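User: Hello! I would like to go through a model with you, one question at a time. Could you show it first?

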Amino acid sequence: MPVRPGHPQDPAVPSPTGPERSSPGPVVLAVLIGLWITGLTVVTQFGGWLIDQFLLLTGLDRLVWLWPVATVGLVALAGTPALLLALLPRSRTVRTVGQIWLAATLAFGALSLPRALPPVQHEAYLATLAGVAGLAMLLAHRLVGRRVVPSDPGDGSNRSRAARPTPVTLLGLSGGLALLLPWVWVGALGGLLETLLAALAATAVGGLAAALLPAAFWSRFASGTPPRPGRLVLVGGLVAGVALLLLGAGVGQSGAQLPLLLTLPPAGFALAALAAAARRTATGGAAATAWLVGLSVFGPLAWTDPEEVGLVLAGTRETPFWVAVAAGAGFAVAAVLAVAYGVTLARPQGARPGRAVAGVAVVTLLVTTGVVAVGLGQPGLHGERLFVVLREQADLSGVPATTGRAGRDNRATEVYQRLVETAERTQADLRRELRRFRLDHTPYYLVNAIEVDGGPLVRTWLADRPEVDRVLVSQRVRPLPVPAPVTQGDAPAPRGADWNVRLIGADRVWSELGVTGAGVTVGSSDSGVDGGHPALAAGFRGGDDSWFDPWNATSAPSDRGGHGTHTLGSAVGRDGVGVAPGAAWTGCVNLDRNLGNPALYLDCLQFMLAPFPPGGDPLTDGRPQRAPDILTNSWGCPELEGCDPGALRPATAALAAAGILVVFAAGNTGPRCRSIEDSPAFHPDVLTVGAVDRQRRVTDFSSRGPTPGGGAKPDLVAPGADVLSAMPGGGYGVLSGTSMATPQVAGVAALMWSANPALIGDLPRTRRILTATASPVPVSGESCGDEAHVVGAGLVDAYAAVRAAQG
């Protein structure tokens, strides 16, 4: 119904609608369609994300077609009933609802298409999203905006008032800042380009929301004599909430859009209240919508990394936890805004919002946002880096294959010198250019590579240089507002050798052969080590070059996650949990938060080849004669973290050339064949370990071969199901995985080298003994073409291996 010309608080507005009297049928139909669209959107978005996470955790390739197909399906299943609602009912208001939902569905379809880009290419995704949203905004203005009456008071066309922000615009801005606050608190920005592109994309999405929800849309729900703003807020807010749900579902890579499903729909009621106020002030509605929605979208786009919103980091108080906190806080803020704006702005006789009050609200929230960002938040930029692999790698042919303690030390020294010489010579020009452009960088020598700050433009420049072979994205996790709590064990200490130690006969080696691993050092690269644990404290080698923490710069062995303490405990722990309790150990943190990158892995592998004192330069201060003898590694570097199949290949080859035995976990993506696919587990110069349970059966999770190159892996299996070992805080815990099996094989090798020091550095003979003395393991089910691809040579036998080493 047209607004009465003389109403004191609602200016005269020509309206295309007259009084509507229709049956409740179309309204009920609209409600049912709204529920259908809401449920369908939530299910498809969560379902698509869960499928992505399942593929990631099981090691399967990402389905590039997943999101395009899901998008087309949702557009068809939600757009068809919305189209019918836009065309069939006699009620013009109900048809308007259908038109808005149809437009929002099509906008969702357009915004979702860039999600087919790989998550690691986040800048490219944001740039594409900004472009698509901008085009959609222009199209929506042309199609939806044509229904707006030129003099409609909320469309922002009053040029005389457009010179400065209106009170309604300021209230929209303050609401958007309030919705942004949770992300500023718990999140962290990426790189500079990433942040700028996120701002551009959010601006375009905010403009698109304003185009989809013009003043003419809101006027459909304010008709009546006198006008009923309460109806506008309740009914219009519900309709707008469904449209915003669709819009939010299309914004962000897989996982990053999920918080918007919670925070944007209730904001529809706040927008409705602002629209009611805009009808009184005759301007500002569109700008208010753009600010509120744009800032709501800017939060998750800029302050979270979509690669971190996943089950890989689903531990206690990790990134997914804080994203959920921000989303919950955003929902609460949106609900408060809806109530506050509805009560104060949408009363029939309510006062017009004042510019001074609205301005104070904006200033207060701007100051609060700045204080939170600097004080409680994680200030600064935390973008990804680039891992630049050079064409020339060190020539290690002809390194003398000397064995024994002195022979191994000489080999390690020779390998270290060759690696450093190659890096210094071939990186000189590139380092000079990086310094000239003031690009922060870190040189590496174990792989001739440099890690560099920079985005797509720097990557293009580096890739075109003649000395560069390829440029990879080096994933960097963003900081957390509060460190995750230390993971502690709740299991009792073992009474004597635990089942896994007895299964491989290590206890017999101690009691019958008198060998415990003394004289051998095992190096662990993992989440860290609780150096004060009773099972590990006495075994720490000590000195100023036995501990390195490139993550947190701790000065003494420590561990928050527990994985590193548990694995090292299975290798050298005392009190019945470790295979070689007399061996010494050194440690390095390469995976504090379960997402690493090739540079962080190299930090620790270089430290293992040539340890250096705190603050030392790996290229000049390394001490290869202090290298540990055996390395246990329960990690892998998948494509998600920036590794390609050859990224760490030179590193494992160099360690083998130095006479250091490198043991790696096969992975936990079985029972699928060809699931040993993350570097370095499939490299031929590492000893790859699968897992069995108490009954000597291969576990379902144990990854299988053949490798990507067709090689036979794993090499051996060891107990990996429900293994008891040390945990931070002095306790014990039970964990499962090939991660638990791997250190036991490293411990058996330590026993062999302790029993016969002449074997130190003799990798071919050590491997032959381990595989020749392994006991058979039956294979049931898929053999992957050869049972060796499931169990390798069989279950490692510590007693038989040490006896053979002594002979």
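## Salt bridges, sheet and backbone

User: Good to see it. What kind of model is this, and what pLDDT do side-chain atom pairs need?

Analyst: Happy to set the ground rules. Residues are numbered from 1 along each chain as its sequence is written, and side-chain values use heavy atoms, with hydrogens and water left out. This is a predicted model, where totals for chains, interfaces and linings use all residues, local features need pLDDT of at least 70, and side-chain atom pairs count only at pLDDT 80 or more.

User: How many salt bridges does the structure hold?

Analyst: The term stands for a side-chain nitrogen of Lys or Arg within 4 Å of a carboxyl oxygen of Asp or Glu. By that criterion, the number of salt bridges in the structure is 30.

User: E421 forms a salt bridge with R425. Why are the two about one helical turn apart, and in which helix?

Analyst: The closest N and O atoms of this pair are 3.0 Å apart. E421 is partly exposed at 42% relative accessibility, and R425 is partly exposed at 44%; buried means under 20% relative accessible area, exposed over 50%, and partly exposed in between, with a 1.4 Å probe and protein chains only. Helices (H or I, at least four residues) and strands (E, at least two) are DSSP runs, numbered from the N terminus. About one helical turn separates E421 and R425 because they sit 4 residues apart in helix α13 (residues 404–436).

User: Which residue forms a salt bridge with D644, and where does that partner lie?

Analyst: The closest N and O atoms are 2.5 Å apart, and the partner is R470. The pair links distant parts of the chain, 174 residues apart, with D644 in the loop between β10 (630–633) and α19 (649–657). R470 is partly exposed, at 23% relative accessible area. Its place is strand β6 (residues 468–474).

User: Is D715 buried or exposed?

Analyst: D715 meets R767 in a salt bridge at 3.2 Å, N to O. D715 is in the loop between β12 (687–692) and β13 (716–719), while R767 is 52 residues away in helix α21 (residues 763–772). R767 is partly exposed at 24% relative accessibility, whereas D715, at 12%, is buried.

User: In what order do the 7 strands of the open sheet come?

Analyst: Strands of a sheet pair through backbone hydrogen bonds, either parallel or antiparallel. Here two strands pair if DSSP finds at least two bridges between them, and the pairing is parallel. The edge strands, each pairing on one side only, are β8 (547–548) and β13. The order is β8-β9-β7-β10-β11-β12-β13.

User: How many bridges join β7 to β9?

Analyst: Strand β7 covers residues 521–526 and runs parallel to strand β9, residues 584–589. One of the bridge pairs is T521 with A584 in β9. The number of bridges joining β7 to β9 is 6.

User: What is phi of R438?

Analyst: R438 lies in the loop between α13 and β4 (441–444). R438 is exposed, with a relative accessible area of 78%. Phi is positive in this residue other than glycine, with a value near 55 degrees.
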